[in-house]
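Please look at the sequence and the structure first.

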Amino acid sequence: MANRKFYVVWVGHDPGIYDSWEECQAQINGFPGAKYKSFDSQTAATEAFRGDPKEHIGIIKAIASHRAAVVNYADFPDIVLDSIAVDAACSKNPGPVEYRGVDVQTGAEIFRKGPWQAGTNNIGEFLAIVHALATFHEKNPTLTIYSDSRTAIAWVKARHSRTTIVPNAQNAVIRNLLERANHWLATHTFSNPILKWNTEEWGEIPADFGRK
């Protein structure tokens, strides 16, 4: 039998303490900047509600800053645990770009590619999602893929990148990678959910390179 949880809503439609996720969810859905967390006892929830929410909701940000931390994902029940998070890093625009994928639940790095010259962050984010799709669409077709890039997600859903980089010798490699990714999307079907990582509420995406 699962342990009973109590949910503190510091910022929401009706701040307070709730004894079910459904009641908590009703207070935070559609509320910008909602702040909430679950606790194992009513006493702990009451003490937390009277205190500063910053002391309780920064745990996931520890992942992005690479501090050793045991993440209690029960505190964020809307995060899908059977998932991979992807992210890209690009020092200039255009510039050297790389990307990686990380297991959300364990923090283990699944893949890392690059850097390649003359890319952009949107390109890296797009390639990262397609890489995750190509890796898992058959062996784990229900695996959720998280990205913090609305642009890259839109490109993938359109099944083609929309980059405006001007072809030249420097970006030949990255353009070849884009062509391969576009071809894969055009010739494959997939059912893996692709979701936007809620950075505002959960902190930086677990695949973040920590270079901001």
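This is a predicted model: local features need pLDDT of at least 70, side-chain atom pairs count only at pLDDT 80 or more; totals for chains, interfaces and linings use all residues.

Residues are numbered from 1 along each chain as its sequence is written, and side-chain values use heavy atoms, with hydrogens and water left out.

**Largest pocket**

- The largest pocket has a volume of about 260 Å³; a pocket is an open set of points on a 1 Å grid where a 1.4 Å probe fits, with protein on both sides within 12 Å along at least five of seven lines, and a volume is the space filled by probe spheres set on the points.
- Its lining (residues with an atom within 4 Å of a point) includes Y99, K113, W116, H131, R180 and W184.
- β6 (109-119), α4 (121-136) and α6 (172-187) each give two or more residues to this lining; helices (H or I, at least four residues) and strands (E, at least two) are DSSP runs, numbered from the N terminus.
- By class, 8 lining residues are nonpolar, 1 is polar and 2 are charged.

**Strand β1**

- Of the 6 residues in β1 (residues 6-11), 5 are buried (under 20% relative accessible area, 1.4 Å probe, protein chains only).
- β1 runs antiparallel to β3 (residues 35-39), joined by 5 bridges; strands pair if DSSP finds at least two bridges between them.
- V11 has K35 of β3 as its bridge partner.
- β1 is also antiparallel to β2 (residues 16-18), with 3 bridges, and V8 stands opposite I17 in β2.
- A hairpin is formed by β1 and β2, with 4 residues between them.

Technical notes:
Ala, Val, Leu, Ile, Met, Phe, Trp, Tyr, Cys and Pro count as nonpolar, Asp, Glu, Lys and Arg as charged, and the others, Gly among them, as polar. Buried means under 20% relative accessible area, exposed over 50%, partly exposed in between (1.4 Å probe, protein chains only).
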